[in-house]
Amino acid sequence: MTDLDLCYMPASEALRLLKAKKLSPVELMQATIRRAEATKATINCFTFTHFDEAMDLAGKAEAKYARAPGPGRSRGCRSASRTRATSRASQPRTARCCPGMPSVAIPRR
C-alpha cells in the first residue's frame with residue numbers, strides 16, 4: 001500500500017488490518033508522519049508536532065498486537081487531535097476561537 005492509501009484508509013479498515021496483523025501500527029504512523037511532512041508547507045495545519053512520541057506509542061501498540069490475541073477498540077489507529085484529558089502537561093494546547101482564524105497556543109496553568 002502507498003502512503004496515500006494508508007492515510008486515506010477509514011479507521012475501521014485500518015483497525016481490521018491491524019487486528020489481522022496485515023498492517024503494523026508503526027507502518028501506519030510512519031505513513032501518516034511522511035504525509036504530514038510532505039504537506040506541511042502547503043496546508044500549514046500543525047502548530048506543534050509530537051512525531052517522536054507518536055512513534056514510541058506506535059511501537060508499544062505493535063508490541064501489544066504481537067503478544068495479545070485482540071487489542072482494544074482503536075489501539076494503533078492514528079489521530080490528528082488530542083483531547084484535553086489525554087494531552088500531557090509538557091505539551092501546549094491549542095484553541096481555535098473563531099472559524100477561519102489561526103490556532104493560538106494556550107499556556108498551561
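The model is a predicted one, so local features need pLDDT of at least 70 and side-chain atom pairs count only at pLDDT 80 or more, while totals for chains, interfaces and linings use all residues. Residues are numbered from 1 along each chain as its sequence is written, and side-chain values use heavy atoms, with hydrogens and water left out.

The chain holds 4 helices and 2 strands (DSSP runs, numbered from the N terminus: H or I of at least four residues for helices, E of at least two for strands). Along the sequence they come in the order α-α-α-α-β-β. Of the 109 residues, 25% count as buried, meaning under 20% relative accessible area with a 1.4 Å probe, protein chains only. As for contacts (heavy atoms within 4.5 Å) between residues at least 6 apart in sequence, 57% link residues at least 24 apart.

Now for α4, residues 51-67. With 17 residues at 1.5 Å each, α4 should span 24 Å (1.5 Å times one less than the number of residues), and its end C-alpha atoms sit 25 Å apart, which agrees. Buried in α4 are Glu 53, Ala 54, Ala 58, Ala 61 and Tyr 65. Seen down the axis, these buried residues fall within an arc of 135 degrees, so they line one face of the helix; the arc is taken from the directions from the helix axis to the C-beta atoms. Their cover includes α2 (11-19) and α3 (25-43). On the face turned away from the buried side are Asp 52, Asp 56, Lys 60, Ala 66 and Arg 67, which are exposed (over 50% relative accessible area).
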